[in-house]
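Q: I have a new model open and would like to go through it with you. Could we start with some of the charged pairs and then zoom out?

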Amino acid sequence: MKKLALHWQIIMAMVLAVLAGLATSTDSTLLGIPLLSAYSFMGSLFLNALKMIIVPLIMASIICGISGIGSSKHLGRLGGKTIAFYLTSSTLAIVLGLALVNLTTPGIIDGEPAGSRLNLNTDQQQLDDVIGKVEGSNISDLSEVFLRMVPTNVVEAAADGQMLGLIFFSLLFGFFMTRIDSSRGQLLQNAWQGVFDVMMHITMWVMKFAPLGVFGLVAKTVAATGFDAFKPLMIFFLTVFAALLIHAFVVLPLILRFFAGVRPGVFMKKMSPVMLTAFSTASSSATLPLTLETVEKDVGVSNRTTSFVLPLGATINMDGTALYECVAAMFIAQAYGLDLSFGQQFIIVMVALLTSIGVAGIPAASLVAITVILGVIGLPLEGLGLLLVTDRILDMMRTAVNVFSDACGAVVIAKSEGETTSIDRV
């Protein structure tokens with residue numbers, strides 16, 4: 001109910017922001033305070049709060065997730081198959097999103113970058129600075145990618161926003177934390193779990209101010225551009241929506257049919273209550289009990305498989321989230337008029353995959369992850385706030401895709417282990 005309440009608060013904030021923006025001129029004031037400055041302050045404060053939580057949140061979530069996997073007794077053949085499936089399905093989702101966003105180019109309107117419509121660049125100097133940052137991060141040589149992943153100083157890398165190095169360090173730390181003395185390892189695990197729990201609470205607290213942030217960001221944009229901003233946002237929304245539909249109703253069913261030998265239509269019918277629950281709650285974790293029950297009792301996958309594959313999937317398998325992150329980053333880059341090279345798009349794909357694993361299950365995970373991607377390729381976070389306008393409904397959609405992918409993974413892995421299910425082809 002809290003999520004739904006926040007959803008309606010954001011919608012109301014957006015409606016009020018549009019009205020306020022239309023009624024605001026460049027010299028409008030309230031109690032002597034320029035309204036445009038007030039809108040900008042509210043939006044910037046919210047974005048700063050999101051940036052504040054990035055480093056501890058990502059480190060704690062990755063370390064806790066990897067240490068939990070590493071200490072599992074099931075980590076072996078079953079674990080290898082599970083991780084391989086999840087990495088493959090997420091990569092397919094990201095590549096699909098990348099292909100569609102390059103095809104529809106939502107950040108390009110009438111042959112021109114949509115940055116001015118979205119109020120992203122106020123002057124040529126600012127645009128030149130953005131282009132300079134991105135050109136400075138042009139990565140045509142694959143070796144540069146791996147150099148960024150292994151920083152000489154992880155603290156400095158975190159301070160400079162070089163999140164690839166931080167993610168890699170967190171992966172190593174979480175893995176080797178389970179390889180030390182059990183008592184010391186458990187102490188570290190408890191400590192990082194405590195950090196993660198605290199960051200979860202801070203994230204949820206920050207998101208309570210999302211309506212104010214949305215109001216400030218949208219009102220500022222509408223006051224400066226009118227309704228021009230909504231055309232690129234609508235194309236962006238439809239691009240993500242189409243990509244999610246194709247992945248859920250074409251890509252994953254094909255995987256089920258050809259790699260598991262089951263009937264995708266019957267499986268989707270059995271999973272429909274789970275997907276509706278995931279859609280309404282926008283939470284993979286909240287849907288997990290129903291997912292476990294449905295896949296085990298209605299689909300016929302063994303408890304041995306479901307008890308390992310599905311909880312792990314709720315943590316690291318985020319097809320819809322990864323797809324959304326990729327499309328969002330490309331949309332913002334297009335809006336700035338930036339023609340990203342193959343190397344830079346490869347970086348987006350890789351970081352979207354890593355961050356979808358690292359911050360899975362966290363409220364507003366995609367917003368945090370997108371800040372990482374934008375930082376890696378050198379883009380500012382100014383366009384991030386506008387994504388909040390459509391984020392709630394897309395969050396519900398991508399959560400349903402995330403959960404469906406988890407269930408598909410359980411079926412594929414069960415069949416690879418020689419199990420029979422109630423949806424086997426006859």
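This is a predicted model: local features need pLDDT of at least 70, side-chain atom pairs count only at pLDDT 80 or more; totals for chains, interfaces and linings use all residues.

Q: What do the side chains of lysine 297 and glutamate 293 form?
A: They meet in a salt bridge with an N to O distance of 3.9 Å, the term meaning a side-chain nitrogen of Lys or Arg within 4 Å of a carboxyl oxygen of Asp or Glu.

Q: And is lysine 297 buried or exposed?
A: Lysine 297 is exposed, with a relative accessible area of 63%, while glutamate 293 is partly exposed at 42%. Buried means under 20% relative accessible area, exposed means over 50%, and partly exposed lies in between, using a 1.4 Å probe and protein chains only.

Q: How many salt bridges does the structure hold?
A: The structure holds 4. One of them joins arginine 398 to aspartate 395, with the closest N and O atoms 3.6 Å apart, and these two residues are 3 residues apart in helix H18 (residues 388–416), which again means a separation of about one helical turn.

Q: How accessible is arginine 398?
A: Arginine 398 is buried, with a relative accessible area of 2%, and aspartate 395 also counts as buried, at 17% relative accessibility.

Q: Which residue does lysine 415 pair with?
A: The side chain of lysine 415 meets that of aspartate 424 in a salt bridge of 3.1 Å, N to O. Lysine 415 is partly exposed, with a relative accessible area of 23%, whereas aspartate 424 is buried at 16%.

Q: Zooming out, what does the chain consist of in terms of helices and strands?
A: The protein chain has 18 helices and 4 strands, and buried residues make up 53% of its 426 residues. Among contacts with a separation of 6 or more, 83% are between residues 24 or more positions apart, a contact being heavy atoms within 4.5 Å.

Q: Which residues touch the most other members of the largest nonpolar core?
A: Phe236, Val240 and Leu387 do, in a core of 63 residues; a nonpolar core is a set of buried Ala, Val, Leu, Ile, Met, Phe, Trp, Tyr and Cys residues joined through side-chain atoms within 4.5 Å. Helix H15 (residues 319–335) gives the most to this core, with 12 residues.

Q: What is leucine 387 in contact with?
A: Leaving aside neighbours within four places in sequence, leucine 387 is in contact with Phe236, Tyr324, Ala328, Phe331, Ile332 and Ile370. There is also a second, separate core of 36 residues, which includes Leu78, Tyr86, Val301 and Phe308.

Q: Last one, how far does helix H9 reach?
A: Helix H9 (residues 182–207) has 26 residues and reaches 37 Å from its first C-alpha to its last, close to the expected 38 Å, where the expected span is 1.5 Å times one less than the number of residues. The buried residues of H9 include Trp192, Phe196 and Met199.

Notes: Residues are numbered from 1 along each chain as its sequence is written. Side-chain values use heavy atoms; hydrogens and water are left out.
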